[in-house]
Amino acid sequence: MQQIILFLIKNKTGLVFIILTTIALGLTFQAHTYHNSKLVSSANFISGNVLGTSESVYQYFSLKTQNEILLEENKTLRKRLLNTTLAEDTLQPTLDYITDTLYRIQKAKVISNYYDKIDNYLLIEGGTNDSIKEDLGVITSKGIIGIVIDTSKEFSRVISILNTNTSINAKLKKTNHFGTLTWDGKDPNIMSLVDVPRSAPVNLGDTITTGGRSLIFPEDVPIGIINDFELNENLGYYTISVKLFNDMTNLKHIYVIEDTRKEEAYELLNPSQP
Amino acid sequence: MKTYFINSIRFVLLILVQVMILNHFEVFGYINPYIYPLLIILLPFNINSIQKLLLAFVLGICIDIFEDSGGIHAAATLVIAYLRPLFLRNAFGLSYDYQTLKFYDAPFRSRLVYVSFMVIIHHVVLFSLEIFSVNHLLYLLEKIVYSSIFSIILIMITLNLIRKNRK
């Protein structure tokens with residue numbers, strides 16, 4: 001017994017080092033395997049406020065481009081609005097029904113955005129106080145950004161689509177052939193759409209949008225265009241490289257989308273859980 | 001007491017500089033210089049080794065929280081804190097063994113060797129854990145080499161700036 005205690009005292013530095021390194025490695029592996037690890041998360045009061053303060057300075061540098069992006073969005077919305085009022089008489093009943101009940105939208109601001117790592121996360125200003133919850137989709141006017149995975153009162157953490165752990169259901173806009181959107185960790189402008197069946201008519205320049213098969217993103221949110229593709233002859237699936245519409249390196253104003261039918265759908269899917 | 005005070009201020013300052021300024025630097029798209037290992041580099045040479053390791057762990061975890069990166073910074077900082085005596089002996093030779101070493105009296109070459117050892121080992125551990133896949137070996141090497149160069153330059157400049165202020 002004495003021998004053991006003496007041994008421990010003699011090697012205490014090594015032991016402390018091993019214990020602390022094990023903790024650190026444990027946290028690392030956890031972050032790599034479970035994409036919503038919450039032990040080390042920037043959605044807390046201190047880091048949220050520090051990053052928020054620095055962002056309130058940095059935002060001035062991108063005011064011009066952000067204004068441009070908002071103007072562009074306004075233009076699209078206005079165009080759509082003016083064009084729908086013409087056919088108002090015939091569409092009124094269905095339009096009312098859809099706009100009222102399907103999706104709830106919150107605005108939020110990006111305060112920290114990483115895109116140069118393998119697994120990227122964003123921190124946004126807006127949390128449970130602004131009724132932002134976990135598992136909601138995050139989009140901009142130009143495309144999708146990611147999914148909320150952790151919330152505090154004022155801040156939320158979003159797993160970026162530029163994360164090797166994410167896979168998002170997407171489809172070819174023209175023909176509704178589905179595939180899975182993933183990222184290989186290299187170029188923040190390029191993602192790949194895998195498992196698209198051989199029968200799909202794939203052409204360069206075609207648009208990719210979200211598929212309607214999840215309750216996170218609405219159907220037909222634009223994602224990007226096809227800039228390269230390859231057919232795996234053995235498996236009969238296409239691997240398509242998609243150039244994103246969004247500039248993931250320059251994000252400011254975003255929208256968090258909540259599908260109001262989600263809870264009902266989950267109840268149907270897992271009837272055993274309360 | 002004075003050492004505690006100076007190091008606490010350095011701790012807060014280095015974290016703030018790292019997360020508020022340097023993490024916004026994206027030189028050539030993927031190079032991100034790191035300055036916070038400077039805290040471990042500048043710790044007193046005769047510090048209690050357990051205190052040193054705990055400090056390294058806390059420093060790393062703080063950076064991890066801001067960057068949402070699991071425990072990679074904590075692991076990398078721990079490794080350099082643990083291996084520091086080895087690097088000191090290699091870089092400064094006998095004067096470290098006899099406890100007579102004054103950091104700023106040592107020749108520039110020894111200081112550069114010491115800082116380079118620390119930064120390169122830190123970056124190797126950091127980026128290997130971050131990328132964590134054999135498929136990106138070339139990308140990993142690029143990231144280590146370029147980021148190390150930037151971090152070493154940055155830390156050497158900062159070291160000289162601190163010294164000028166003291167005189």
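Modeller: Start with contact: two residues are in contact if their C-beta atoms, placed from the backbone, lie within 7 Å. By that rule, 32 residues of chain A are in contact with 32 residues of chain B. This is a predicted model, where local features need pLDDT of at least 70, side-chain atom pairs count only at pLDDT 80 or more, and totals for chains, interfaces and linings use all residues. Residues are numbered from 1 along each chain as its sequence is written, and chains are lettered from A and ligands numbered from 1 in the order in which they are written.

Biologist: Which element gives the most to the side of chain A that touches chain B?

Modeller: α2(A), with 15 residues. Helices (H or I, at least four residues) and strands (E, at least two) are DSSP runs, numbered from the N terminus. The side of chain A that touches chain B divides into 15 nonpolar, 12 polar and 5 charged residues. Here Ala, Val, Leu, Ile, Met, Phe, Trp, Tyr, Cys and Pro count as nonpolar, Asp, Glu, Lys and Arg as charged, and the others, Gly among them, as polar.

Biologist: What scores does the model carry?

Modeller: ipTM is 0.86 and pTM is 0.84. Chain B has a mean pLDDT of 87, and 96% of its residues reach 70 or more. pLDDT is the predictor's confidence in each residue, from 0 to 100.

Biologist: Why is B:I149 called partly exposed?

Modeller: A residue is buried if 20 or more other C-beta atoms lie within 10 Å of its own, exposed if 12 or fewer, and partly exposed in between. B:I149 has 16 C-beta neighbours inside 10 Å, so it counts as partly exposed. B:I149 is found in helix α7 (residues 137-166) of chain B.

Biologist: Why is strand β2 of chain A called largely enclosed?

Modeller: 7 of the 7 residues of β2 (residues 119-125) are buried, so the strand is largely enclosed by the rest of the structure. A:D119, A:Y121, A:L123 and A:E125 point one way, and A:N120, A:L122 and A:I124 the other way.

Biologist: How do you know that β2(A) pairs with β1(A) and with β5(A)?

Modeller: Two strands pair if DSSP finds at least two bridges between them. β1 (residues 103-113) and β2(A) have 4 bridges, in the antiparallel sense. A hairpin joins β1(A) to β2(A) through 5 residues. β2(A) and β5(A) have 6 bridges, also antiparallel.

Biologist: What makes a nonpolar core, and which residues have the most contacts inside the largest one?

Modeller: A nonpolar core is a set of buried Ala, Val, Leu, Ile, Met, Phe, Trp, Tyr and Cys residues joined through C-beta atoms within 7 Å. The largest has 94 residues; A:I124, A:I145, A:V158, B:A75 and B:L78 have the most contacts inside it. Helix α4 (residues 72-92) of chain B gives the largest share, 12 residues. A:I124 touches residues including A:V110, A:F155 and A:V158.

Biologist: How do you know that the two domains of chain A touch?

Modeller: The bounds, domain 1 (45-164 + 250-259) and domain 2 (168-244), come from an automatic or database domain assignment. Contacts link 16 residues of domain 1 of chain A with 15 residues of domain 2 of chain A. β5(A) supplies 3 residues, the largest share of the domain 1 side.

Technical notes. Lists of a residue's contacts leave out its neighbours within four places in sequence.
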